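Open the model in your viewer and keep the selection panel at hand. We will go stop by stop.

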Amino acid sequence: MNIPGLTILGIETSCDETAAAIVTRDPSGAGRILSNIVRSQFAEHAAYGGVVPELAARAHVEHLDHIIAAASRDAGIALKDVDAIAATAGPGLIGGVLVGLTTGKAIAAAFNKPFIAVNHLEAHALTARLTNGLAFPYLMLLVSGGHSQFVLVRGVGQYERWGTTIDDALGEAFDKVAKLLDLGVPGGPNVEKIALKGNPKAFAFPRPLIKEARLDFSFSGLKTAVRLAAEARAPLTEQDVADIAASFQASVAEIVASRSRRALHRLRDELAPGVPLQLVVAGGVAANRTIGAALREVAEAAGATLVVPPIPLCTDNGAMVAWAGAERLSLGARSTLSAPAHARWPLDSADMALSPAGAT
Ligand code: KG4
Ligand code: ZN
């Protein structure tokens with residue numbers, strides 16, 4: 001099969017999704033997903049109410065080979081015919097990261113192909129360019145199980161973090177509330193589902209930091225308030241659970257909306273007049289409809305365009321990793337086979353910038 005431009009294999013193993021994909025990037029910068037295979041590890045972790053790092057790493061070892069083979073088969077492209085291999089090198093659970101990173105390097109070495117070590121957060125940050133052809137600059141709100149942050153995306157490797165969570169990530173708060181209410185996994189979607197039957201005004205939960213000008217988040221006080229309310233009402237009826245879930249969700253939607261309002265004001269001040277205001281939402285929590293509706297209102301009022309990539313590409317996947325690799329490779333970047341794994345790897349760290357020669 002002969003495709004002009006770049007054809008890249010992407011591998012993702014930084015949390016509880018084992019994923020691989022083959023994506024192309026044509027010389028004009030347009031992307032196409034040829035295959036995108038994701039295996040979620042819900043079953044492995046269900047009994048523990050959260051992701052167990054060692055079990056996650058073991059499951060990646062067991063499944064990654066098959067997932068990569070399926071990505072190759074689905075795309076109709078043999079691994080020897082891709083132009084490069086990209087794998088997540090962090091941030092994430094280090095055991096899992098090592099599985100995908102080492103596998104990616106091994107494939108690259110076996111077929112003598114370029115290798116790109118991808119920052120998982122950059123992969124989320126650049127997804128809107130794959131799915132919506134979005135031009136730089138834009139503001140990204142990343143809300144996932146591990147992260148809650150605003151990042152100004154000026155270009156590949158050019159990131160400014162404007163705010164982050166000082167305690168729990170938003171998805172983590174959803175997951176903890178789900179656990180507290182005995183809703184099982186996946187936590188976020190289960191909270192959203194039961195909240196549909198509840199009264200969002202039944203409980204007046206706090207909105208931490210909402211009055212402050214900073215663009216940081218805090219969810220642990222809210223989580224504690226939810227716990228105290230649940231304990232005070234115990235034993236909970238189904239209606240109590242629905243009311244608590246709905247009230248929690250209303251609180252986080254207001255927090256996210258108010259932070260985003262401030263962030264868009266700052267964006268307007270920061271960009272030259274006439275540059276369009278664009279807000280991209282990434283991460284699993286982007287699937288939440290109450291939060292989505294609140295963000296749409298905020299964006300509209302600010303005269304900004306809200307971009308939410310298709311949900312399967314907002315949650316962890318291999319296509320976003322392949323795409324980030326393609327974007328870097330098209331700018332001349334490539335990594336060595338000694339590229340390290342990172343448990344922590346902020347987007348604004350020095351090694352994210354492309355060097356003049358493009359090497360990372
Ligand atoms: O991006 P993601 O797939 O994985 C990473 O954490 O990187 O995000 C998963 C997170 C989980 O915490 C999950 O509970 C949350 O996103 N989530 C949701 C919804 N769907 C997924 N939270 C609220 N509402 C949802 N519909
Ligand atoms: Zn993620």
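**Stop 1: around the ligand**

By class, the shell around ligand 1 holds five nonpolar, ten polar and four charged residues. Here Ala, Val, Leu, Ile, Met, Phe, Trp, Tyr, Cys and Pro count as nonpolar, Asp, Glu, Lys and Arg as charged, and the others, Gly among them, as polar.

Before you go on, note that this is a predicted model: local features need pLDDT of at least 70, side-chain atom pairs count only at pLDDT 80 or more, and totals for chains, interfaces and linings use all residues. Residues are numbered from 1 along each chain as its sequence is written, chains are lettered from A and ligands numbered from 1 in the order in which they are written, and side-chain values use heavy atoms, with hydrogens and water left out.

Select Gly145, Asp175, Gly188, Glu192 and Asp316. Of the 19 residues around ligand 1, these come nearest. A residue is near if one of its heavy atoms lies within 4 Å.

Now color the helices α5 (170-180) and α6 (187-195). Each supplies at least two residues of the shell. Which helix gives the most to the shell around ligand 1? α5 does, with four residues. Helices (H or I, at least four residues) and strands (E, at least two) are DSSP runs, numbered from the N terminus.

**Stop 2: polar contacts**

A polar contact here is a pair of N or O atoms within 3.5 Å. Select Gly171: a polar backbone atom of this residue is 3.1 Å from an oxygen atom of ligand 1. Next, Asn288: an N or O atom in its side chain is 3.1 Å from a nitrogen atom of ligand 1. Taken alone, ligand 1 exposes 540 Å², and the protein buries 87% of that. These areas come from the Shrake-Rupley method with a 1.4 Å probe.

**Stop 3: the open sheet**

Show the strands. Five of them form an open sheet in the order β3-β2-β1-β4-β5, with mixed pairing. Strands pair if DSSP finds at least two bridges between them. β3 (31-40) and β5 (115-119) stand at the edges with a single partner strand each, so one side of each has no neighbour in the sheet.

Zoom in on β1 (residues 6-12) and β2 (residues 17-25). They pair in the antiparallel sense over seven bridges. Thr7 stands opposite Thr24 in β2.

**Stop 4: a hairpin**

Select β7 (residues 148-155) and β8 (residues 158-163). Five bridges join these antiparallel strands. Val153 stands opposite Tyr159 in β8. Two residues lie between the strands of this hairpin, and Gly157 in the turn has a positive phi of about 80°.

Definitions and conventions. A polar contact is a pair of N or O atoms within 3.5 Å; within protein, one must be able to donate a hydrogen and the other to accept it, and residues adjacent in sequence count only if both atoms are side-chain atoms.
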